[in-house]
Number of protein chains: 2
Amino acid sequence: MVTIKDVAKHANVSITTVSRVLNQTEHAVNSETRERVLNAIKELGFYPNAMARGLHLKETKTIGLIVQDISNPYYPSIVRGVEDVAQELGYTVILANAYRSRERTTKYLNVLREKRVDGIIFTGGGAVKDAAEDNFFERNPVSTVVIGKSCNAKMPSVQVNNVQASREACEHLIRLGHRQIVTVTGPEDSTTVVDRLEGYRQALMANGIPYRDEFVLRCNFEFDEGYKAVERFLDVSNDKVTAIFAQNDMMAIGIMKALKEKGLKIPENVAVIGFDNIPLASFVTPMLSTVAVPIYELGRTAMRIMSDLQSGHEISRITTLPTKLLLRQSC
Amino acid sequence: MVTIKDVAKHANVSITTVSRVLNQTEHAVNSETRERVLNAIKELGFYPNAMARGLHLKETKTIGLIVQDISNPYYPSIVRGVEDVAQELGYTVILANAYRSRERTTKYLNVLREKRVDGIIFTGGGAVKDAAEDNFFERNPVSTVVIGKSCNAKMPSVQVNNVQASREACEHLIRLGHRQIVTVTGPEDSTTVVDRLEGYRQALMANGIPYRDEFVLRCNFEFDEGYKAVERFLDVSNDKVTAIFAQNDMMAIGIMKALKEKGLKIPENVAVIGFDNIPLASFVTPMLSTVAVPIYELGRTAMRIMSDLQSGHEISRITTLPTKLLLRQSC
DNA sequence: ACGTTTTCTGCAAACGTTTGCGGAGAACGT
DNA sequence: ACGTTCTCCGCAAACGTTTGCAGAAAACGT
């Protein structure tokens, strides 16, 4: 592997000089010398060793991004958002798939410390909680930003107003004339779920519709569970439901499948509305109406905040991005 | 940040000793001393600096994984396969999203060199070709493995027999009585596309069905294009097509949407078969029949080969994994 | 009792960078 | 002519590890 020393020898200068043209410091270097060095670099195919550099500078220009499960279509957009601005700003991102496993999260956290990443972006409260329980933050002064609700007030977060968005979605359903509205939820320890449920409840209250516990189907955000929950509900219940508010798109799509299999038309017999606006939502038939979360922008913003954190800028603790009700064909 | 020196001082030993218990070398260290060091490590919350280590060892235990687009549901399974065995073997993986951009690929390749990754796994021939054109391999003795067809005979690859699998899929259609079979392809410079098209052609030939160029719809593997291509075809052509062989699932799903919108029943009016078996395939209605590619295993195998490469083991240049015809509801 | 082996520990060099400091020579002002 | 400033360059220390080598003490064999 060719080192800076080789370049120096080849260009007949000291390594100091090579380093200086490499980093384009304000330190003056003669233009003819610079040219010679640049040539040597090209001829030898020299690429500076990031480890040596990082060791000295105590800075890696690398950040870790912890996602729960990259297979979940929600995450790739976040990743892309983070990556895009990271690239603009000269950062590399190490993607860590926690796969919802506490053990895996811990392992990755260790790797990230050993690699001395400059910061970590968490998606979802779960991972942050795991990390907190491992006392990760106490002994590691690494900067963090959370996408979603941060369990710790000191950590900056970028999020979306779930209760309001959820309320708007349900009120739309109500405006359409629906009074029998089922909601399908995610895991209950998720603050996202709590908030979206709260929005649902508020919409009902505000319109004088009684809240019925049988109408909230507790699931886990996955396709299968949405499918099964609704299938079961239709078999068992003799209430005539006219609308379903799925707390994410993945379940909404499972729900639509169950509905179709029962011979119910969407939206004529049952209206469906989802949440997130994953790409898939416009692929299904009928196209899914949903609450559009600016997923990509969530990623971008998180990375921007991270960068500000690095450079010591003042940052706002909580950034809220707007959602939008996206009416397609399912309601 | 606490260093090995701090640990040494705290445990009242030399850093040499700390390093030795850290790496559990065969070099003897008194058990009581070891205990003391271990305590110091825990008390101080010491995590060895991977950069310092890597600098000395000239080995990072890190590999790069280049994928075209993580949003494409095909890739997450690969990523997971690679990650899983990487973790087992003590490697970290840096995920690089090329987003099908030559520029982005080049940029990432540079980052990977500077970080001195031990090896790179490429998915798809495109990225390898880009890299080759940048003379990446000549000046970088980094080990590589390719998932898919390698354009360079020296690089080990793990792949699937596309022509045979494709042929089997089409022959199944023919056995079902179909003679008017349209195929929808991906970008023509992809060897995958060439092979799958070849399998289609072979199946026709072997069964005395003429190959008609109007029946191959040239697309780009994306949902939208599949949708539009078939929509257009149905509008224009007066041939009565009874089956469609989509060269990947994403397009197959787009095709199904187009079909449904034209009022055609699947599979009664038109049978559809896909390729890949992405998770989504079983979510749609009707569930998509497809050629199951062992995507996850592709990833696992690639990483295993990479590891063998690192340890200098003998490895086979080409590994072929079996596909399986997965008949669900769409044909 | 004394050489030999074994067990344990530490010194110091090396890995490839960055950068504070200092020095040589040219340019400049008077 | 001589101090001062400016431009350009290099020395060497430092970043945090690993490991070859050597040495001290203990255990062992005779």
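User: Which residue follows H13(B), and is its phi positive or negative?

Analyst: Gly312(B) comes after that helix, and its phi is positive, near 75 degrees. The model is predicted, so local features need pLDDT of at least 70 and side-chain atom pairs count only at pLDDT 80 or more, while totals for chains, interfaces and linings use all residues. Residues are numbered from 1 along each chain as its sequence is written, chains are lettered from A and ligands numbered from 1 in the order in which they are written, and side-chain values use heavy atoms, with hydrogens and water left out.

User: How does the span of H13 of chain B agree with its number of residues?

Analyst: Helices (H or I, at least four residues) and strands (E, at least two) are DSSP runs, numbered from the N terminus. The expected span of a helix is 1.5 Å times one less than its number of residues. H13 of chain B covers residues 295-310, so its 16 residues should span 22 Å, and the 23 Å between its end C-alpha atoms agrees with that.

User: Which residues of H13(B) are buried?

Analyst: Buried means under 20% relative accessible area, exposed means over 50%, and partly exposed lies in between (1.4 Å probe, protein chains only). Among the buried residues of H13(B) are Ile295(B), Leu298(B), Ala302(B), Ile305(B) and Met306(B). Arg300(B), Thr301(B) and Ser307(B) are on that buried list too.

User: Which residues of the largest nonpolar core touch the most other members?

Analyst: The general idea is that in soluble globular proteins nonpolar side chains tend to be buried together. A nonpolar core is a set of buried Ala, Val, Leu, Ile, Met, Phe, Trp, Tyr and Cys residues joined through side-chain atoms within 4.5 Å. Here the largest core has 160 residues, and Ile121(A) and Ile121(B) touch the most other members. Leaving out residues up to four places away in sequence, Ile121(A) touches partners including Ile63(A), Leu65(A), Val82(A), Val145(A), Ala302(A) and Met306(A); touching, or contact, means heavy atoms within 4.5 Å. A second, separate core of 36 residues includes Ile66(B), Ala96(B), Leu109(B) and Ile120(B).

User: How many cavities of 30 Å³ or more does the structure hold?

Analyst: Three. A cavity is a set of points, on a 1 Å grid over the protein atoms alone, where a 1.4 Å probe fits but cannot get out, and lining residues have an atom within 4 Å of a point. Grid points are joined across faces, edges and corners, and a volume is the space filled by probe spheres set on the points. The largest cavity comes to about 160 Å³. It is lined by 15 residues, and Lys260(A), Val284(A), Thr285(A), Val284(B) and Thr285(B) are the closest to its centre. Helix H12 (249-261) of chain A and helix H12 (249-261) of chain B each supply at least two lining residues.

User: How do the residues of that lining divide into nonpolar, polar and charged?

Analyst: The lining of the largest cavity has nine nonpolar, two polar and four charged residues. Ala, Val, Leu, Ile, Met, Phe, Trp, Tyr, Cys and Pro count as nonpolar, Asp, Glu, Lys and Arg as charged, and the others, Gly among them, as polar.

User: Is Thr92(B) buried or exposed?

Analyst: Thr92(B) is buried, because its relative accessible area is 8%. It belongs to strand S2 (residues 92-97) of chain B. Apart from residues up to four places away in sequence, Thr92(B) touches Val111(A) and Lys115(A), along with Lys61(B), Thr62(B) and Ile63(B).

How values were computed
1 Å grid on protein atoms, 1.4 Å probe; cavity = no way out; pocket = protein on both sides within 12 Å on 5 of 7 lines; lining within 4 Å.
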